[in-house]
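Here is my note on this model, as numbered points. Please read it with the structure open beside you.

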Amino acid sequence: MVIQPASRKIFINSSITRARENGFHGLDLDWDWKYPETAEKMANMGTFFDEWRDSVATGSRDSGMPELILTAAVYYSARFNSNTYPINSIERSLDWVNVMAYDFSAPGWSHNYTGPPAALYNPTGPVSTSSGINAWIGNGLSSNKILLGLPFYGYAWKLLDPKNHIVGAPANGSALSEDGSQT
């Protein structure tokens with residue numbers, strides 16, 4: 001959608017129209033599960049954010065209504081697949097980002113060992129909430145633009161040895177539910 005200017009315009013206009021029709025105060029773009037994985041997609045995302053903000057500002061001036069709040073749900077780190085999010089555009093055009101600091105590990109994709117689904121600090125590797133937030137700030141995003149998202153759930157693995165229940169313990173898929181999620 002963000003690659004083609006015409007598609008961006010259609011999405012932007014329809015999202016603003018739906019928000020106004022329903023009395024919303026803002027819009028949140030949730031671009032996850034297939035994060036923008038190339039420099040081109042990151043650049044297009046930045047263009048989209050700038051055009052979205054411009055359209056909201058113009059619509060607000062024309063209608064006399066308050067500007068809509070614009071936010072986006074983003075990867076836990078400012079970098080994804082060696083590409084950096086469009087920090088300048090985010091700073092200019094979004095009110096904040098919702099940093100998804102969760103699902104670092106789960107039985108569905110780390111089924112052979114347990115891991116921290118949402119570790120503030122990760123004792124077994126570099127992926128953590130702390131490293132992600134530091135990456136956002138280190139790449140130039142103001143801390144007042146960051147909203148930290150944490151899960152209200154956990155995961156259960158089938159342990160190969162129930163007596164070995166530390167982070168990184170050998171496991172064989174999910175326990176207690178199909179995907180191992182527990183709320």
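1. Start with F49 and its neighbours. F49 touches L29, A72, S89, I90, S93 and L94, leaving aside residues up to four places away in sequence. Here a contact means heavy atoms within 4.5 Å. F49 is found in helix α2. Helices (H or I, at least four residues) and strands (E, at least two) are DSSP runs, numbered from the N terminus.

2. Is F49 buried or exposed? F49 is buried, with a relative accessible area of 0%. The cut-offs are these: buried is under 20% relative accessible area, exposed is over 50%, and partly exposed is in between (1.4 Å probe, protein chains only). F49 and I146 are 97 residues apart in sequence, and their C-alpha atoms are 16 Å apart in space.

3. A word on the source. This is a predicted model, where local features need pLDDT of at least 70 and side-chain atom pairs count only at pLDDT 80 or more, while totals for chains, interfaces and linings use all residues. Residues are numbered from 1 along each chain as its sequence is written, and side-chain values use heavy atoms, with hydrogens and water left out.

4. Now the overall layout. The protein has 4 helices and 10 strands. Along the sequence, they follow the pattern α-β-α-β-β-β-α-β-α-β-β-β-β-β. The C-alpha atoms fill a box of roughly 65 × 35 × 30 Å, taken along the principal axes. Of the 183 residues, 42% count as buried. Take the contacts between residues at least 6 apart in sequence: 69% of them join residues at least 24 apart.

5. Next, surface and charge. The protein exposes about 10200 Å², and carbon and sulfur atoms supply 56% of it. Accessible areas come from the Shrake-Rupley method with a 1.4 Å probe; for residues, only the protein chains shown count as cover. There are 13 positive and 17 negative charges, and their mean positions are 2 Å apart. Lys and Arg count as positive, Asp and Glu as negative; His and the chain ends are not counted. The place of a charge is NZ of Lys, CZ of Arg, CG of Asp or CD of Glu.

6. How many salt bridges does the structure hold? It holds 6. A salt bridge is a side-chain nitrogen of Lys or Arg within 4 Å of a carboxyl oxygen of Asp or Glu. Side chains of opposite charge can pair when their charged atoms come close.

7. E21 forms a salt bridge with R18, with the closest N and O atoms 3.3 Å apart. Both lie in helix α1 (residues 5-21), 3 residues apart, about one turn of the helix. E21 counts as exposed at 54% relative accessibility. R18 is partly exposed, at 44%.

8. Another pair joins two helices. D50 and R92 meet through their side chains in a salt bridge (2.7 Å, N to O). D50 lies in helix α2 (residues 39-63) and R92 in helix α3 (residues 87-93), so the pair ties together parts 42 residues apart in sequence. R92 counts as exposed, at 54% relative accessibility.

9. Last, R53 and D95. Their side chains meet in a salt bridge (2.8 Å, N to O). This pair links distant parts of the chain: R53 is in helix α2, and D95 is in the loop between α3 and β5 (96-100), 42 residues apart. R53 is buried, with a relative accessible area of 12%. D95 is partly exposed, at 30%. A network of salt bridges links R53, E67 and D95.
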